[in-house]
Amino acid sequence: QVQPVESGGGSVQAGGSLRLSCAASDYTYRDSCMGWFRQAPGKEREGVARIRVSSSRTLYADSVKGRFTIWQDKAKNTLYLQMNSLKPEDTAMYYCAASRTYSDYACLRKNADDFDYWGQGTQVTVST
């Protein structure tokens with residue numbers, strides 16, 4: 001299984017929380033830049049947060065800073081996204097993606113198109 005597998009999406013009221021998980025194979029996870037992206041209907045795909053696996057260096061989109069936290073469990077090759085204070089505008093399909101990367105700089109500068117492996121996505125719906 002090369003493609004990551006997401007889980008944990010669902011429906012929540014505004015102000016609520018959800019935690020997403022992304023399980024990856026050792027091949028996919030090792031030496032990777034792992035990222036969470038989202039895409040709402042009619043909108044472009046947006047990078048939410050990313051982490052370089054080896055250094056745990058992270059980067060967040062301005063729209064989620066202070067509300068979302070990305071972290072990992074290296075022993076389980078699993079990536080997480082804790083989403084707090086959710087807003088209706090956070091409603092989207094959330095995707096986990098991986099790309100083999102060998103520097104913090106490269107990881108943090110990657111475009112979505114540079115990520116090689118993508119999960120199927122998990123839906124997050126935030127209602128008012």
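A disulfide here is a pair of cysteine sulfur atoms within 2.5 Å. The close-ups below come from a predicted model, in which local features need pLDDT of at least 70, side-chain atom pairs count only at pLDDT 80 or more, and totals for chains, interfaces and linings use all residues. Residues are numbered from 1 along each chain as its sequence is written, and side-chain values use heavy atoms, with hydrogens and water left out.

**View 1. Cys-33 and Cys-107 make a right-handed disulfide.** The torsion about their S-S bond is about 65°, so that's the handedness you get. The two sulfur atoms sit 2.1 Å apart. Cys-33 belongs to strand S4 and Cys-107 to helix H2 (residues 104-109), so the bond ties together parts that are 74 residues apart in sequence. Helices (H or I, at least four residues) and strands (E, at least two) are DSSP runs, numbered from the N terminus. Both Cys-33 and Cys-107 are buried, where buried means under 20% relative accessible area, exposed means over 50%, and partly exposed falls in between (1.4 Å probe, protein chains only).

**View 2. Cys-22 and Cys-96 make a left-handed disulfide.** Here the angle about the S-S bond is -70°, and the S to S distance is 2.0 Å. Since Cys-22 lies in strand S3 and Cys-96 in strand S9, the pair ties together parts that are 74 residues apart in sequence. Cys-22 and Cys-96 are both buried. Searching the whole structure turns up two disulfides, and with bonded cysteines counted along the chain, the pattern reads 1-3, 2-4.

**View 3. The largest nonpolar core has 27 residues.** A nonpolar core is a set of buried Ala, Val, Leu, Ile, Met, Phe, Trp, Tyr and Cys residues joined through side-chain atoms within 4.5 Å. Met-34, Trp-36, Leu-79, Leu-81, Met-83 and Tyr-94 touch the most other members. S9 gives the most, with four residues. Apart from this core lies another one of eight residues, including Cys-33, Leu-108, Ala-112 and Phe-115.

**View 4. Thr-78 is a buried residue of strand S8.** Its relative accessible area is 9%. A polar atom of the Thr-78 side chain lies 2.9 Å from the backbone oxygen of Lys-76. Leaving aside neighbours within four places in sequence, Thr-78 is in contact (heavy atoms within 4.5 Å) with residues including Ser-21, Cys-22, Tyr-29 and Trp-71. Ser-21 and Trp-71 are 50 residues apart in sequence and 9.8 Å apart in space, C-alpha to C-alpha.

**View 5. Asp-31 and Ser-85 have positive phi values.** Most residues other than glycine have a negative phi. Asp-31 comes in at about 55° and sits in the loop between helix H1 (26-29) and S4. With a relative accessible area of 31%, Asp-31 is partly exposed. Ser-85 has a phi near 50° and is found in the loop between S8 and S9. At 40% relative accessibility, Ser-85 counts as partly exposed too.

Key: Polar contact = N/O pair within 3.5 Å; in protein donor to acceptor, adjacent residues only side chain to side chain.
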